[in-house]
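Hi there,

Here is the structure I promised to pass on to you. Have a look at it first, and my notes follow below.

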Amino acid sequence: MITHIGFFMLSEKFGRKIGYCYQKELNFLFKIFIDMKRIALITGATSGIGEATAKLFAKNKINLILCGRRKERLNALMSELSPMVKVRILSFDVGDNIQVNKKLNGLEEEWKNIDILVNNAGGAHGLEQFIDGSIEDWEKMIDYNVKGLLYVSKVVIPWMVKRKKGQIINISSIAGKQTYSNGMVYCASKSGVEAISKGMRLELVPHGIRVSNIAPGAVDTEFSMVRFKGDKEKADKVYKNFQPLIAQDIADCILYCVNVPPHVQIADMTIFPAAQSDATTISRTI
Ligand code: 8X3
């Protein structure tokens, strides 16, 4: 009897000890599991395709570094997504190389282990003949769509090269594949993105980095409001009498690109609404 009680006391103590160790192990494994989640850095995360991608990545347990100029929107997005994944926000202007360097290099070491870079920031400014075009608009498009993408990539790519892995998703446009009247400089900037995607792939594949170029057609986002400087009537007309894409459609494609097996690389994706057949041809109901 005494032996049984002694054995019970001993086993209970031992069991608790095992339980305690087990709990510690579990916590440790949980921490590793959390840290094993991929990290994605998304530029232009405060609206449209960037925001939709951030939300979809969060649902898919990808930790996020969200970049944008509008701090309130970044904060709101962080509050919404933090219950799902770790979120770090960085407010800066991608067109300003000093800010880009300062903010990105200021990241804590663990956040520099970026697995996915989504170069999404950019947009169109103005839609007019070259002779009527504004130099200020041209500079914005070249600064954000081309130089901004290069500035961010210049900081992030060496971190990926060091880890011998990574995925880069460059958001181009059908405008990068087909030049249209009144959009010469926007088209030139997106052709630049196409060339950069090809060049990155040539130079980065040997380092284990995959590069995907995503070229959407008509997506109903703030894109046209920005292009037409807040003229809602003009912006709405772009998406009238057909069903345009929404940001979520492009986010789905981006998620597909980052979820393919490691031996697969989606080099290029062009996505149109069902009613669109090239950059300027859309079949409208009236
Ligand atoms: C896609 C929009 O107007 O160039 O970037 O087709 S558009």
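This is a predicted model: local features need pLDDT of at least 70, side-chain atom pairs count only at pLDDT 80 or more; totals for chains, interfaces and linings use all residues.

Which residues of α9 are buried? They are Ala-247, Ile-250, Ala-251, Ile-254, Cys-257 and Val-258. These residues cover an arc of only 115° around the axis, which puts them on the same side of α9. The spacing makes sense, because an α-helix has 3.6 residues a turn, so residues three or four places apart point the same way. On the face of α9 turned away from the buried side you will find the exposed residues Tyr-256 and Asn-259. The cover over the buried residues of α9 includes α2 (48-59), along with the strands β4 (116-119), β5 (166-171), β6 (209-216) and β7 (268-271).

**Helix α2**

Helix α2 is mostly covered, with nine of its 12 residues buried. Among them are Gly-48, Ile-49, Gly-50, Glu-51 and Ala-52, and Phe-57 and Ala-58 are buried as well. After α2 comes Lys-61, which has a positive phi, near 60°.

**The nonpolar core**

The largest nonpolar core has 65 residues, and those touching the most other members are Ala-40, Leu-41, Ile-42, Leu-64 and Leu-66. Helix α5 (residues 135-163) gives the most to this core, with eight residues. In soluble globular proteins, nonpolar side chains tend to be buried together.

What does Ala-40 contact, if we leave aside its neighbours within four places in sequence? The partners are Phe-57, Ile-62, Leu-64, Asp-115, Ile-116 and Val-118. Phe-57 is one of the buried residues of α2, and Leu-64 belongs to the core group listed above.

**Around the ligand**

If the ligand is what interests you, the residues around it are Ser-173, Ile-174, Ala-175, Pro-216, Gly-217, Ala-218 and Ala-279. This shell divides into five nonpolar residues, two polar and no charged.

**Some loop residues to look at**

- Lys-164 is not a glycine, yet its phi is positive, about 55°. Lys-164 sits in the loop between α5 and β5 and is exposed, with 10 other C-beta atoms within 10 Å.
- Asn-241 is not a glycine either, and has a positive phi of about 60°. Asn-241 is in the loop between α8 (232-238) and α9 and counts as exposed, with 11 C-beta neighbours inside 10 Å.

Not counting residues up to four places away in sequence, Lys-112 touches Leu-107 and Trp-159. The C-alpha atoms of Lys-112 and Leu-41 are separated by 9.6 Å, with the two residues 71 apart along the chain.

Happy to talk through any of this.

Best wishes

Conventions:
Residues are numbered from 1 along each chain as its sequence is written. A residue is near a molecule or strand if its C-beta atom, placed from the backbone, lies within 6 Å of it. Ala, Val, Leu, Ile, Met, Phe, Trp, Tyr, Cys and Pro count as nonpolar, Asp, Glu, Lys and Arg as charged, and the others, Gly among them, as polar. A residue is buried if 20 or more other C-beta atoms lie within 10 Å of its own, exposed if 12 or fewer, and partly exposed in between; C-beta atoms are placed from the backbone. Helices (H or I, at least four residues) and strands (E, at least two) are DSSP runs, numbered from the N terminus. The arc is that of the directions from the helix axis to the C-beta atoms. Two residues are in contact if their C-beta atoms, placed from the backbone, lie within 7 Å. A nonpolar core is a set of buried Ala, Val, Leu, Ile, Met, Phe, Trp, Tyr and Cys residues joined through C-beta atoms within 7 Å.
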